Amino acid sequence: MSFAARLDAELAQFRRDGVYKRLNYLEAPQAARTRMEGRGDVVILSSNNYLGLCSEPEVVAAGKRGLDEFGAGTGSVRFICGTFTVHRDLEEALARFVGCESSLTYVSCWNANEGLCPTLLGEQDIVISDQLNHASIIDSVRLAKTITKCQTAVYRHSDMADLEDRLRAASAARLKLIFTDGVFSMEGDIAKLPDIVTLARKYDAVVAVDDSHATGVLGKTGRGSAEHYGLLGEVDIITSTLGKALGGAAGGFTAGPAPLADYLTQRSRPQLFSNALPPAVAASALAAVRHVERHPELVARLHENARYFRERLIALGFKPLPGDTPIVPVILGETAKAIRMSELLLDEGVFVTGFGYPVVPQGHARIRCQLSAAHTPEDLDFALAAFRRVGTKLGLV
């Protein structure tokens, strides 16, 4: 069998298994409503555009100015060819925003996460990871284990007794790094950060939080899971993204104590061997941070929309997972049922994605709804009416 034929056979199996991913092409900006090729106008319930800043004129204009002022990109890595002042300005703003002393940007939060564990950990060290952490954290841990021969451990999801057992067993390690998501994207639940920080202090460990689904989302002013719990400035390391609430373009960052950004600049391979974030993206992300700082009411509106949508889904007879985030998963069990529901909702003009195994555990397939501050009451009621019709058709309500 040829290489291409083997790939075609595996793709055919993906389709039979119900895990084949079809791309839907948009003809307009990412927003609460947009235009989809072959579909016309649709309400989007599947985007991480939590604050509606993807199409915010102020953010878009800043990106255009960044392109005009700095050009398309650096042409090489920052320490070789020079770094733009907009990157420095963005990194200072991000550090301040999440309550840290320094930050360093990457082309994605995946790169930020993969650049953390292999850079900080050696054979005498251990990283202890939540069972439901994002794939980028899992790959960062795997990479560190392979390259630096560090020790690794996994604790049951949000199980603080299990985490304490892992810390106690690792008492001889030089550096004990606890790595967790701030918000777990498939469940919509929030890490037990106060308990994690308390355990870290007890066992002389360092806490790293991937706040990608919390930055711009949690806390009164959107500064993330630390602000949500009143712990701003008390989390050792925060990684996060610029590709969700902060403009939705691309990029990520790692923030922490003053020496951390400098240390990562010296040793982090994704930073050392990749071009910098495009300056247009850096400029638009900087404008997004400043916009959130001036408009905390966007965060309040986001949570009002999430509460309304969750409550109305329950009233219709659906059973979304409980939570305090704008991620509202509706568990359906079977992958085929989740995919079918997403297809029927799209026929109704609502774009929301169904997820099954291996993205989520067997038997826990779901529709994951994600709310935005940009959704109007009309958008939400339109989507809810579609859920009612499709749920009735599938015998779910």
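Tutor: Axes here are lines fitted to C-alpha atoms, for helices over the stretch in contact, and angles run from 0 to 180 degrees between N-to-C directions. The model is predicted: local features need pLDDT of at least 70, and side-chain atom pairs count only at pLDDT 80 or more. Residues are numbered from 1 along each chain.

Student: Why are helix 15 and helix 16 called oblique to each other?

Tutor: The axes of helix 15 (residues 335–347) and helix 16 (residues 377–393) cross at roughly 135° and come within 10 Å. Angles under 35 degrees count as roughly parallel, over 145 as roughly antiparallel, 65 to 115 as roughly perpendicular, and the rest as oblique. Helix 15 and helix 16 are therefore oblique.

Student: Which residues of helix 15 and helix 16 meet?

Tutor: Met 341, Leu 344 and Leu 345 in helix 15 meet Ala 386, Phe 387, Val 390 and Lys 393 in helix 16. Contact means heavy atoms within 4.5 Å.

Student: How do you know that the span of helix 4 agrees with its number of residues?

Tutor: The expected span is 1.5 Å times one less than the number of residues. Helix 4 (residues 85–98) has 14 residues, so it should span 20 Å; its end C-alpha atoms are 20 Å apart, which agrees.

Student: Which residues of helix 4 are buried?

Tutor: Among them are Val 86, Leu 90, Leu 94 and Phe 97. Buried means under 20% relative accessible area, with a 1.4 Å probe and protein chains only. What covers the buried residues of helix 4 includes helix 2 (57–70) and helix 13 (279–294). Just after helix 4, Gly 99 takes a positive phi of about 80°.

Note on methods
Heavy atoms only, no water. Helix = DSSP H or I, 4+ residues; strand = E, 2+ residues; numbered from the N terminus. Buried < 20%, exposed > 50% of the residue type's maximum accessible area, 1.4 Å probe, protein only.
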